Amino acid sequence: MKREYDVLVVGGGPGGAFAAKTFAEKGYSVLLTEKRPAIGAPVRCAEGVGKALMHEFFKPEDRWVAAEIEKANIIAPDGFKMELEPEKAGAEVGYVLHRKVFDRDLVWMAAGAGADIQVKTRAVTPIMEDGAVKGAILNQGGIAQEVRAGLTIAADGVESKFARWCGVDTTVPLREMETCAQYLMTGIDIDAHATEFYVGNNIAPGGYVWIFPKGDKTANVGIGVGGDRCKPGNRPIDYLNRFVARNFPNGKTIELIAGGVSICQPLPCTVANNLMIVGDAARVSDPLTGGGIYAALYTGKLAGDVGSKAIEKGDTSTQALMPYDETWRASYLGKALERNYQIKEVFVKLNDDDLNAIVHSVSKMNLSDFNTLNLIKNIIAANPKLAIKLGKAGLKSLLDSF
Ligand SMILES: Cc1cc2nc3c(=O)[nH]c(=O)nc-3n(C[C@H](O)[C@H](O)[C@H](O)COP(=O)(O)OP(=O)(O)OC[C@H]3O[C@@H](n4cnc5c(N)ncnc54)[C@H](O)[C@@H]3O)c2cc1C
């Protein structure tokens, strides 16, 4: 079977769904293809997102929100707990979502705008002609389908094979692939409106443990560990089991997920002839926190806006699509990714003494001055050893990233 669309979207996560919705709303014919049988499941996410960031796109439906978050606690390796309550300083904090519902609703929005949706249908090969992408061969239940499209959106997440098949180098170095394990736990004693982050080289080397509440006594309890630090007996699940045994011995686990998060820099270029790369596939998740929901929504929508103009003008070459790449890099998102990459490079080299010193010094900061630049300046002022560790060049590139 051969079909033709203006736009083919590979992947039904937030990036693909938002791109499909945007193109469909502008009147283009769109096919979104998702390899899994159900949108949003299994969830591979701790489901946290900033309120202000989310509000850029919508006022969340009640059914998307599992918990509203008012504060974040950071727990140092020595057990000292620092409480951050940005709401007291006038800033909003965040939501923990039900992504099974949220992702599904996003795809429903795309369908409502006119996009065709196919689930359990994997894009297996791009159709390449004269160095340009002309759609893909899809596989649905063993049956190959040829789908031709003027523009293809690679929104296939962290695995991102599609862009690679089209000739884009999407390799992530092992040390920059955070490997994660997460339990959805119930029957645990937590603050239902606070997220918690545990740092330390015996707890989560090169990463952190998170507790993201999903209501009373229920939370995503997960861990990310630097890919190069996983060893037999010290895999993310081993660290997580030890953490859970220490902190929630009576908790009950009702779901287990494993997944990867890239903490590298974004791809050097996120467009090619007739191809746009969005969300995790473009490596735009936050290198410091691993968060990528906002970036997927932002790049998905932007791809829809820029791609639509390019289709209208009849030119979807790399050059015509470049405004997409340039716009997200110059945006708040691009700048935050650059800055947080520099911070992450420092973070992964810290020993437990450094981490203790940082958490203690930040806890003494005046919250009304709270922003990332002030945070870094305070940390360095309070811990001159860190400035030495960073060296002149490291310090400069860190401060230049603001
Ligand atoms: C353990 C963990 C915790 C996380 N916690 C958070 C968090 O708290 N907050 C946050 O903001 N982010 C978090 N993230 C990251 C977040 O989940 C991603 O950044 C986000 O889902 C990216 O959206 P996306 O649309 O780019 O990709 P995805 O949501 O991964 O969607 C890609 C889709 O493409 C499909 N696909 C792949 N290949 C093909 C193919 N060949 N054909 C068809 N379909 C295909 C996949 O099945 C998938 O549904 C976490 C990630 C992990 C692993």
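Let's start with a pairing: strand S3 (residues 48-50) and strand S7 run antiparallel and share three bridges. Strands here are DSSP runs of type E with at least two residues, helices are H or I runs of at least four, and both are numbered from the N terminus. Two strands count as a pair if DSSP finds at least two bridges between them. A quick note on the source: this is a predicted model, where local features need pLDDT of at least 70, side-chain atom pairs count only at pLDDT 80 or more, and totals for chains, interfaces and linings use all residues. Residue numbers start from 1 along each chain as its sequence is written.

Put together, the three strands make an open antiparallel sheet in the order S3-S7-S4. S3 and S4 sit at the edges with a single partner strand each, so one side of each has no neighbour in the sheet. From one strand to the next, the twist averages 25°.

What about the faces of S7 (residues 94-97)? Both are covered: Gly-94 and Val-96 on one side, and Tyr-95 and Leu-97 on the other, are all buried. "Buried" is a count: 20 or more other C-beta atoms within 10 Å of the residue's own, with exposed meaning 12 or fewer, partly exposed anything in between, and the C-beta atoms placed from the backbone.

## Two helix pairs

Helix H1 (residues 14-25) packs against helix H3 (residues 99-112) at an angle of about 20°, with their axes 8 Å apart. Axes are lines fitted to C-alpha atoms, for helices over the stretch in contact, and angles between N-to-C directions run from 0 to 180 degrees. That makes H1 roughly parallel to H3; the cut-offs are under 35 degrees for roughly parallel, over 145 for roughly antiparallel, 65 to 115 for roughly perpendicular, and oblique for the rest. The contact involves residues including Ala-17, Phe-18 and Lys-21 of H1 and Leu-106, Val-107 and Ala-110 of H3. Contact means that two C-beta atoms, placed from the backbone, lie within 7 Å.

The other pair is helix H6 with helix H7 (residues 318-330), at about 155° with axes 8 Å apart. H6 and H7 are therefore roughly antiparallel to each other. Among the residues that meet are Leu-302, Val-306 and Ala-310 in H6, and Leu-321, Tyr-324 and Trp-328 in H7.

## Annotated binding-site residues

The UniProt annotation "binding site" covers Gly-15, Glu-34, Cys-45, Ala-46, Gly-48, Arg-99, Ala-123, Asp-280, Gly-292 and Ile-293. These are spread over 279 residues of sequence and also spread in space, up to 28.9 Å between C-alpha atoms. UniProt positions follow the numbering used here, feature names are shortened, and annotations may be inferred rather than shown by experiment.

Where does Asp-280 sit? Look in the loop between strand S18 (275-277) and helix H6 (293-313). Gly-292 is in the loop between S18 and H6 too. Asp-280 is buried because it has 27 other C-beta atoms within 10 Å, and Gly-292 is buried with 25. Leaving aside neighbours within four places in sequence, Asp-280 contacts Gly-157, Val-158, Ser-160, Ser-262, Ser-285, Gly-292 and Ala-296.
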